[in-house]
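The sequence and the model are shown first.

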Amino acid sequence: MFKKITLMFLVGCLTTLSAQAVFAAEKVAIVSLQRALNEVKAGKTAKENLKRDFEKKKKELMTLKESLEKEGKELEKQKSVLSKEALQQKAQALQKRYFDIQNKEGEYIKQLKTQEGESAKTILTGLRELVLQMAQSQGYTMVYENSGNNIIYSKNGEDITDKLIAEYNAKKK
């Protein structure tokens with residue numbers, strides 16, 4: 001009986017020690033691809049370009065809306081001198097232009113979202129490839145993605161986000 005207990009104790013100790021040795025040999029990295037996307041030069045440039053396009057399109061839509069509003073006020077002033085048919089035709093034309101402007105606004109939003117998605121996808125693909133290269137060259141056995149701040153604490157995990165940003169920017173010069 002004593003031999004069995006001693007044997008079980010030794011097996012338990014060896015198992016614990018070997019598990020600790022395996023985990024000690026693990027080299028773990030943590031990376032936030034979302035932060036990298038926002039901080040690399042290509043990401044900042046893409047964001048600036050999208051903002052510039054958004055402002056340009058917003059200005060264009062505001063001009064169209066102001067013109068439409070002005071025409072609506074003019075029609076209101078001419079209401080008493082226009083025939084019922086002419087008033088109805090002009091009102092329908094204004095309503096059609098209003099819907100056209102609404103459709104154009106929807107198209108612009110869709111275009112901007114598509115452009116944002118495409119540029120983010122391109123940059124993220126490059127970032128992921130670079131993470132893989134870094135992991136292989138620096139001997140990481142595991143890389144955790146932490147954009148959602150899901151990892152609160154990691155004793156052995158090294159945050160490589162800053163290195164990733166620096167290397168990505170250096171490669172894209």
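Contact here means that heavy atoms lie within 4.5 Å. The model is predicted. Leaving aside neighbours within four places in sequence, Leu127 is in contact with Leu33, Ala36, Leu37, Val40, Leu164 and Tyr168.

Leu127 also belongs to the largest nonpolar core, which has 18 residues. Leu33, Leu127 and Leu164 are the residues with the most contacts inside this core. Two or more residues each are given to the core by strand E1 (28-31), helix H2 (33-39), H4 and H5. Of these elements, H4 supplies the largest share, 7 residues. Apart from this core lies another one of 6 residues, including Leu61, Leu68, Leu94 and Ile101. In soluble globular proteins, nonpolar side chains tend to be buried together.

The packing of two helices is considered next. Helix H4 (residues 84-138) and helix H5 (residues 161-171) pack at an angle of about 115 degrees, and their axes are 10 Å apart. Angles of 65 to 115 degrees count as roughly perpendicular, and H4 and H5 are therefore roughly perpendicular to each other. The crossing in which H4 passes H5 is right-handed. The residues that make the contact are listed below by helix.

| Helix | Residues in the contact |
|---|---|
| H4 | Ile123, Gly126, Leu127, Leu130, Val131, Gln133, Met134, Gln138 |
| H5 | Lys163, Leu164, Glu167, Tyr168, Lys171 |

By type, the residues of the contact of H4 with H5 comprise 7 nonpolar, 3 polar and 3 charged. Leu127 of H4 and Leu164 of H5 both take part in this contact.

How values were computed:
Residues are numbered from 1 along each chain as its sequence is written. This is a predicted model: local features need pLDDT of at least 70, side-chain atom pairs count only at pLDDT 80 or more; totals for chains, interfaces and linings use all residues. Side-chain values use heavy atoms; hydrogens and water are left out. Axes are lines fitted to C-alpha atoms, for helices over the stretch in contact, and angles run from 0 to 180 degrees between N-to-C directions. Helices (H or I, at least four residues) and strands (E, at least two) are DSSP runs, numbered from the N terminus. Angles under 35 degrees count as roughly parallel, over 145 as roughly antiparallel, 65 to 115 as roughly perpendicular and the rest as oblique. A crossing is left-handed if the near helix is turned anticlockwise from the far one by less than a right angle, and right-handed if clockwise. Ala, Val, Leu, Ile, Met, Phe, Trp, Tyr, Cys and Pro count as nonpolar, Asp, Glu, Lys and Arg as charged, and the others, Gly among them, as polar. A nonpolar core is a set of buried Ala, Val, Leu, Ile, Met, Phe, Trp, Tyr and Cys residues joined through side-chain atoms within 4.5 Å. Buried means under 20% relative accessible area, exposed over 50%, partly exposed in between (1.4 Å probe, protein chains only).
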